[in-house]
Amino acid sequence: VFHEQGILFGYRHPQSSATACLLSLFQMTNETLNIWTHLLPFWFFTWRFVGTLRVTDVLNDSYAWPLLVYMGASCVYPLASSCAHTFSSMSRNARHICYFLDYGAVNFFSLGSAIAYSAYVFPDALVNTVFHDYYVALAVLNTSISTGLSCYSRYPAALSQMGWGAGRRGAHSFLDCWKGQWKRHSGAWDSVPDGLPLERLVRLPLGKYFIRPGEMSQVAGNPWFGGWPSPARASLLPLFLFPGESAQNEATLYHQKHMAMTLLASFLYSAHLPERLAPGRFDYIGHSHQLFHVCVILATHMQMEAILLDKTLRKEWLLAHSRPLLFSQIAGAILLCLIFSLSNIVYFSAALYRIPEPELHKKET
């Protein structure tokens, strides 16, 4: 569980203390840049979030609420990721729990993105449709399902031994099927610890064209690259080609860059390049997870710029034609997301301690 494909050296002790983990931020290990490539952006996004708060009338400017939720969520997932990479070497169970929390943060960010996209980015032709009305609700459902499958994917074999029954055995068989297909094509499944950045493609526009490419070739249970069984999402695989005049603005280029950077990050991570071509050469600097982190942050930056532009340039049209999200809708979505995601995390974390050690070791090796 502590070893990654193509990474030979630079691992920390698998039972490090919390102090040793913190000190490793200032030591050269194969996790050091994984930590800093999200820790530094966390402070950058926090600075932008605080700056936006200072110039916003939070109590009275309801049009800005979705933006604030999105910007707050964009601070959460880099912090959770950097903490997961920092403390994941304390023990096997600690590693799993760290990434459970990481998955939850990623899915919370996906909800924040959905709220912002619903408020500012939806194509003209889809505004006020049934799909638009239930978009945020579907995003909440996704966060619960995706977080649960993401946690489950770390040890399906172990959970199968705990008496989950035929339904869970069926789910396990489904995951094994995906695992077999993925291994035959890329050999990358066994070292997928904390996902690829295709989660946000669920609500990612190419320009203003809504696209759902990640669902075609997902790795079940991974919060960035898969784990989206929602029937509603399955019905949204085709492209939505409803740009509309108000959607054609300067934000389009940023949306396209966001898409390109997200796909690049996904490719680098899933292909384990460049370390797969030269094992041991990129253990400390330049391996795929570091490149993945950089691309994800750049993608988030592009996404944030696009949302800010859409919010500003489409404000007059949206206020005249779109039903704004109410505070109760936004707060309710966040609350449900937190309840469902934390319930998943608590359940799967507790389940770790009910798994016999030999079975857990078997899964991890």
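A: Let's begin with contacts, meaning heavy atoms within 4.5 Å. Among contacts in the protein with a separation of 6 or more, 80% join residues 24 or more positions apart. This is a predicted model: local features need pLDDT of at least 70, side-chain atom pairs count only at pLDDT 80 or more, and totals for chains, interfaces and linings use all residues. Residues are numbered from 1 along each chain as its sequence is written, and side-chain values use heavy atoms, with hydrogens and water left out.

Q: What percentage of the residues is buried?

A: Buried means under 20% relative accessible area, exposed over 50%, and partly exposed in between (1.4 Å probe, protein chains only). Here, 56% of the 365 residues are buried.

Q: How do I read a nonpolar core, and which residues have the most contacts inside the largest one?

A: In soluble globular proteins, nonpolar side chains tend to be buried together. A nonpolar core is a set of buried Ala, Val, Leu, Ile, Met, Phe, Trp, Tyr and Cys residues joined through side-chain atoms within 4.5 Å. The largest has 53 residues, and those with the most contacts inside it include Tyr 70, Leu 111 and Ile 330. Leaving out residues up to four places away in sequence, Ile 330 touches Trp 65, Pro 66, Val 69, Ile 115 and Leu 325. A second, separate core has 11 residues, among them Tyr 103 and Leu 352.

Q: Is Ile 285 buried or exposed?

A: Ile 285 counts as exposed because its relative accessibility is 56%.
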